[in-house]
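Dear colleague,

Please find below the structure that I am handing over to you. My findings follow it.

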Amino acid sequence: MKWSRTFIPTLRDDPADADAVSHRLMLRAGLVRQLGAGLYSMLPLGYRVLRRVEAIVREEMERIGAQEFHHPALHPAEPWRESGRWDEIGEEMFRLHDRKRADLCLGMTHEEIFTRVARAELRSYRQLPQIWYQIQTKFRDEARPKSGVLRGREFTMKDSYSFDLDDAGLDRAFELHAGAYARIFERCGIESLPVEASSGAMGGSESVEFMALSDAGEDWIARCSGCGYRANLEKARSALEAAADPDEVPEPERFATPGVRTIEALTTFEGGAQAERQIKTLVYLVEDEPTLLLLRGDHALNEVKLAEALGTARFRPAQPEECRSALGAGPGSLGAVGVSHLPIWADDALAGRRGLTTGANRDDFHLRHVDVERDLEGVRWTSLRNVEPGDACLDCGKPLEVRKSIEVGHIFKLGRRYSETMGASVLNEHGAETPLVMGSYGIGLERIMAAAIEGHHDAYGIVWPRAIAPFDVVVSTVKASDAEQSRVAGELYQSLRGAGFEVLLDDRDERPGVKFKDADLIGVPFRVIPGPRALAKGCVELAERGAGPADEVPLGELVSRIQARCA
Ligand code: ATP
Ligand code: MG
């Protein structure tokens, strides 16, 4: 392809409203343009990358025996009602009506739709296992569309679904996918870490996310510096140093704390307590019922863990007046001592603690000498807190680090969540109806593109991993009007194409500086320059993007040199 005939609208300057590096570079390199919040048009160069990512994903899915479908993106409400998710899912789902006023939605995922086909068509264990997939547009009304295509409201997902007779079958399908995902990310140049994750809105038992470490991400993962332990912060657990509590404490004692409303304020109050010797009491309305959540004073609540413990995501922090009607005091003076009429959940960091300070359920008063086991009633223990950097690993005791990362893929063991609610079963070898055991597996194609850029760029632009670059080689004349340079460039263009490379011929009548800047920005892996000095020796210059200065290569060896570097 000749650059003079292409549409590659590069930008010299950084666009003002782009935060993530990948977003800036995708705009500057002319890969995408924004249509609206979370909506992006793929321009020709961007679409070439997306298609290469798609081809890799397709190849790896076919390798594990998956079969490609293509379902509608527009769904009737009925299957979603059958699974219960029409009501469970909130504003993230785009809903609409047709001309007959029937409810429809734009597919945000396709568990229900695949399960419907399985329910209607799979009859016998002999037809199992099955792995079905599609590469399809998904729609999600994200609360905060962000960082360009990393979090769009419309994006392309490869989603697959496995159907097995039993848990062992599901384990195999899950492992096959884990392997396929590892190969996909490796081929796309993304260093990904599989981590334990929470299953969230999908339901089911076990899930693994594939994370690419990057500051542009929105997920936090905890990772052990000693053993292999890794988990999303939504799931991560840690050990704490044993607290230096007294063996015995007197009865709780109420004391006045005028104006003290925060953990911080109590740490500096005369007769107060350090944050790690306080109980933080939060009031949440869980399905409208006031519920107390207790954490160590210096710890933060993780709402995903809370949802998992409660088995519902229908909760919110109580308003001050709701706290007052539940406990008789406002936030800052609340506590669980003597409370027996409300559910109490406590983070396990508080288990067995003695000599703590907490609110007294009377404005401007606190209680000291609290012995958690002795003084609190009916507590349900669970992990509610965020792991902090430096906490000890539960498995090996070494410190955990907490890193920001991009979730590039997610695989779930759904089990019987959909087959039971939607009634999808087969006959087993004894002729008995058995619910299908399912898995679901997602990977975001645009997110892979952006994550690859996050991991591979420099001050001049993108440095594409070879397998997903929009072109393999750019052949660039120094002076387009020079007949000899143009002739050689044209010949090299043909011979490289003949060898199977995707080649961009930069024949533009521009200053060399402009051409080189553009080539660096769009990040094509190899650049070939038939410059006058090299040509005089029967050579051309060959440079590899991001890999140091150019070499002079004899004209006749160019193709084999590039082939050798790609091998
Ligand atoms: P996130 O926590 O980032 O919202 P998710 O858990 O909702 O992701 P899944 O439902 O597991 O994501 O979707 C599977 C994959 O689809 C993700 O791993 C990601 O690669 C991609 N993906 C999800 N949401 C988006 C989005 N808004 N924009 C681009 N890609 C997305
Ligand atoms: Mg999401």
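Buried residues account for 52% of the 567 residues in the protein chain. Please bear in mind throughout that this is a predicted model.

Overall architecture

The secondary structure of the protein chain consists of 16 helices and 31 strands. Along the principal axes, its C-alpha atoms occupy a box of roughly 95 × 65 × 50 Å. Among contacts with a separation of 6 or more, 68% are made by residues 24 or more positions apart.

The chain is divided into domain 1 (51–73 + 111–236 + 402–453), domain 2 (253–382) and domain 3 (471–566). Taken over C-alpha atoms, the centres of domain 1 and domain 3 are separated by 41 Å.

Surface and charge

The accessible surface of the protein chain is about 25600 Å², and carbon and sulfur atoms contribute 48% of that area. The chain carries 72 positive and 90 negative charges, and the mean positions of the two sets lie 5 Å apart.

Nonpolar cores

The largest nonpolar core comprises 62 residues, of which L31, V53, Y181, F185 and W464 touch the most other members. At least three residues of this core come from domain 1 (51–73 + 111–236 + 402–453), and at least three from domain 3 (471–566). Leaving aside residues up to four places away in sequence, V53 touches C188, L445, I448, M449 and I468. There is also a second, separate core of 24 residues, with A329, L342, A346 and L350 among them.

Backbone features

Most residues other than glycine have a negative phi, and most peptide bonds are trans.

- The peptide bond from L128 to P129 is cis, with omega near 0°. P129 is placed in the loop between α5 (111–121) and β7 (130–139).
- E287, although not a glycine, has a positive phi of about 45°. This residue is found in the loop between β14 (279–286) and β15 (289–296). Its relative accessible area is 43%, so E287 is partly exposed.
- N361 is likewise a residue other than glycine with a positive phi, here near 60°. The loop between β18 (354–359) and β19 (365–371) holds N361. Is N361 buried or exposed? With a relative accessibility of 17%, N361 counts as buried, because the cut-off for that class is under 20%.

With kind regards

Note on methods:
Residues are numbered from 1 along each chain as its sequence is written. Chains are lettered from A and ligands numbered from 1 in the order in which they are written. This is a predicted model: local features need pLDDT of at least 70, side-chain atom pairs count only at pLDDT 80 or more; totals for chains, interfaces and linings use all residues. Side-chain values use heavy atoms; hydrogens and water are left out. Helices (H or I, at least four residues) and strands (E, at least two) are DSSP runs, numbered from the N terminus. Buried means under 20% relative accessible area, exposed over 50%, partly exposed in between (1.4 Å probe, protein chains only). Contact means heavy atoms within 4.5 Å. Accessible areas come from the Shrake-Rupley method with a 1.4 Å probe; for residues, only the protein chains shown count as cover. Lys and Arg count as positive and Asp and Glu as negative; His and the chain ends are not counted. The place of a charge is taken as NZ of Lys, CZ of Arg, CG of Asp or CD of Glu. A nonpolar core is a set of buried Ala, Val, Leu, Ile, Met, Phe, Trp, Tyr and Cys residues joined through side-chain atoms within 4.5 Å. Domain bounds come from an automatic or database domain assignment.
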